[in-house]
Amino acid sequence: MLFKLVVASIWSRRTMAYLTCTSIAISILVLIGVEHLRTQVKDNFERTISGVDLIVGSRTSQINLLLYSVFKMGNPSNNLSWQRYADISADKQVKWSVPISLGDSHQGFSVTGTTAAYFEHVKYANKQALSFNQGRAFTSVYEVVLGADVAAQLGYVMGQQLVLSHGAGKVSFTHHDDHPFKVVGILQGTGTPTDQTLYIPLQSVQIIHQPGAHKHTHEEGVQQQQLLSTLPLNVQSAPQISAFLLGVKSKLAILTLQRNINQSTPEALSAIMPVLALRQLWQIVSGVELILKVISWLVLCTALIGMCTMLLASMQERQRELAVLRALGAKAGIIIGLLLFEALLLALVGALIGYAGITLLLMLAQPILQSEFALYISPFVDIRDAAQYILYAVLAAILLAFIPAYRAYRQSLLTGLSQH
């Protein structure tokens, strides 16, 4: 009977009820959406690179080294000599090393020169290895491996040829037209910057940037260095690199090796632990994160206060209704329960609509977020997190509804029947 009374009461004021549910739905959508995006973006940050113990580059800050070596944002302050890379790689504590060379691009996508060991040792998420959707790693010069987003957005297929551009910007006036590269592999999507990167052999970077490289034909370049079975041994002609990644044999040796590199004298170098650098980078945006959470809670509070205001405003027109219920023997608990149940129903329906809305919105936005920002945001919010916020909203709605409920109880018998 109480449920029927509540439904009939809400239906009689359905326009106001629609507006109340909509405001609560929007507030829940914002609240759950902000929290979900925060956790998902943080997960994307932490899953960007895994299995790498140290990243080494020219002397700079942790954040800058992380940004240009992993996220392909910005540029190194200086390059490293091949000799220094070889010396550190030969350290008995080093298990593996992978050099990377930056500076070229292709239609706005970053190009990384490296070795085939990159696809073996560099991982993402929880030490999940990179895998190929099609093809294989490069084995000779003028072969290129594409990230998933590069292949999808540019429509490239296996065997297709492409030309790289000098410089990391989207617009370049210098193209390596005499040195086309053949697509031999396309990586599986990872939801990391790897998806928006092209990978070429380190030797190819050296060849296309040699003095007068554009005067040589593609065939001459192939004759210079066809196979990639060995790295350049001549230090004088070896390529300079932007940074390199290290894996250490023992976790206990990471700090020792890091200190030795940071204190090295031949070249001013910085060695960072990517896990700590990622956390430091996340802390930079923690202030924005807090502001967004406060705003979302304020939006919810505004919606709930609006619901309380609606209930108070409806008291004048409901005085006769409530007085009749009192005259028919309805106890105080029925009168108060009627309004509390009405507030609970409005808040619950609005919250569920908000949860469904954020799920639909994320499903529509996911392709854009992944293609434009290399962010994989799951469209499905953890039901436990969503239930927590819905519960908060419902409890707050019930508490606020006590104000109009108590007022209705006090005034219903005194003023309801006297008007007629």
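This is a predicted model: local features need pLDDT of at least 70, side-chain atom pairs count only at pLDDT 80 or more; totals for chains, interfaces and linings use all residues.
The secondary structure comes to 14 helices and 13 strands, and of the 420 residues in the chain, buried ones make up 47%. If we take the contacts with a separation of 6 or more, 78% of them are accounted for by residues 24 or more positions apart. The chain exposes about 20600 Å², and carbon and sulfur atoms supply 61% of that area.

Now to the aromatic rings. A pair of rings is described by the distance of the centres and the angle of the planes. The count here comes to 11 aromatic pairs. One of them is formed by F119 and Y199, with 5.6 Å from centre to centre and 80° between the planes, which makes the pair edge-to-face. This pair links distant parts of the chain, since F119 belongs to helix α5, residues 118-121, while Y199 belongs to strand β11, residues 197-201, and the two are 80 residues apart. Both F119 and Y199 are buried.

Returning to W297, how do its ring and that of Y392 lie relative to each other? Their centres are 6.0 Å apart and their planes stand at 45°, so the pair is tilted, given that angles under 30 degrees would count as stacked and those over 60 as edge-to-face. W297 lies in helix α11, residues 286-313, and Y392 in helix α14, residues 383-415, so this pair ties together parts of the chain that are 95 residues apart in sequence. As for Y392, a relative accessibility of 38% places that residue among the partly exposed ones.

F119 and Y199 also take part in a cluster, in which ring pairs link Y118, F119, F132, F138 and Y199. Elsewhere, a ring meets a charge: the charged end of R14 sits over the ring of W11, at 4.4 Å from the ring centre.

Finally, a word on confidence. The pLDDT averages 81 over the chain, and 81% of the residues score at least 70. In residues 214-218, however, the pLDDT is below 50, and this stretch has 17 contacts in the model beyond near neighbours in sequence. Residues 220-236 also have a pLDDT below 50, with 33 contacts in the model beyond near neighbours in sequence.

Key. Residues are numbered from 1 along each chain as its sequence is written. Side-chain values use heavy atoms; hydrogens and water are left out. Rings of Phe, Tyr and Trp (its six-membered ring) pair if their centres lie within 6.5 Å; planes under 30 degrees apart count as stacked, over 60 as edge-to-face and the rest as tilted. Helices (H or I, at least four residues) and strands (E, at least two) are DSSP runs, numbered from the N terminus. Buried means under 20% relative accessible area, exposed over 50%, partly exposed in between (1.4 Å probe, protein chains only). A charge sits over a ring if NZ of Lys or CZ of Arg is within 6 Å of the ring centre and within 35 degrees of the ring normal. Contact means heavy atoms within 4.5 Å. Accessible areas come from the Shrake-Rupley method with a 1.4 Å probe; for residues, only the protein chains shown count as cover. pLDDT is the predictor's confidence in each residue, from 0 to 100.
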